[in-house]
Amino acid sequence: MASKLQAFWNHPAGPKTIHFWAPTFKWGISIANIADFAKPPEKISYPQQIAVTCTGVIWSRYSMVITPKNWNLFSVNVAMGCTGLYQLSRKISCVCRQDYFSDEKETAPSLEG
């Protein structure tokens, strides 16, 4: 057990480096996005969720290309991508439901004048 802890401590992406702490604090974004699951879809921001989703997808790929492999960075970005996609799907389905079930009928402008 002590050797595993020492290996973790001395890893190039371990707790003695920024490569550990940056993704660890980035989990706050994913946790906040999960907390927003209770928020009504009408209050979800498209630009924010697109940014969260793109960040998650792009940096997930990047975290697998760099050396050393940073699994903390990979996992937080997968979580960001997934929560962003889920929030976007909630927002899009809400908008589609509103359009489909809308009682307001668009009327053509009258040519009588």
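Q: How many of the residues count as buried, and what makes a residue buried?
A: Of the 113 residues of the chain, 27% count as buried. A residue is buried under 20% relative accessible area, exposed over 50% and partly exposed in between, with a 1.4 Å probe and protein chains only. The model is predicted, so local features need pLDDT of at least 70 and side-chain atom pairs count only at pLDDT 80 or more, while totals for chains, interfaces and linings use all residues. Residues are numbered from 1 along each chain as its sequence is written, and side-chain values use heavy atoms, with hydrogens and water left out.

Q: What is the pattern of the chain, and what counts as a helix?
A: The chain follows the pattern α-α-α-α, with four helices and zero strands. Helices (H or I, at least four residues) and strands (E, at least two) are DSSP runs, numbered from the N terminus.

Q: Why is Phe20 called buried?
A: Phe20 has 16% relative accessibility and therefore counts as buried.

Q: Why is Phe8 called partly exposed?
A: The relative accessible area of Phe8 is 41%, so this residue is partly exposed.

Q: What makes the pair of Phe8 and Phe20 edge-to-face?
A: Rings of Phe, Tyr and Trp (its six-membered ring) pair if their centres lie within 6.5 Å; planes under 30 degrees apart count as stacked, over 60 as edge-to-face and the rest as tilted. By this rule there are six aromatic pairs. The ring centres of Phe8 and Phe20 lie 5.8 Å apart and the planes stand at 80 degrees, so the pair is edge-to-face. This pair links distant parts of the chain, with Phe8 in helix α1 (residues 2–10) and Phe20 in helix α2 (residues 18–35), twelve residues apart.

Q: What is the geometry of the aromatic pair formed by Trp21 and Phe25?
A: This pair is tilted, at 6.1 Å centre to centre and with 35 degrees between the planes. Both residues lie in helix α2, four residues apart, about one turn of the helix. Trp21 is partly exposed, with a relative accessible area of 37%, whereas Phe25 counts as exposed at 64% relative accessibility. Phe8, Phe20, Trp21 and Phe25 form one aromatic cluster.

Q: Why do the buried residues of α2 line one face of the helix?
A: In α2, the buried residues are Phe20, Pro23, Lys26, Ser30 and Asn33. Seen down the axis, they fall within an arc of 135 degrees, so they line one face of α2. The arc is that of the directions from the helix axis to the C-beta atoms. On the other side of α2, Ile18, Phe25, Ile31 and Ala35 are exposed.

Q: What puts the buried residues of α3 on the same side?
A: Gln49, Val52, Thr53, Gly56, Ser60 and Ser63 are the buried residues of α3. Their arc around the axis covers only 110 degrees, which puts them on the same side of α3. The face turned away from the buried side carries the exposed residues Pro47, Ile58 and Arg61.

Q: What span is expected for α3, and what does the model give?
A: Helix α3 (residues 46–65) has 20 residues and reaches 29 Å from its first C-alpha to its last, close to the 28 Å expected at 1.5 Å a residue. The expected span is 1.5 Å times one less than the number of residues.
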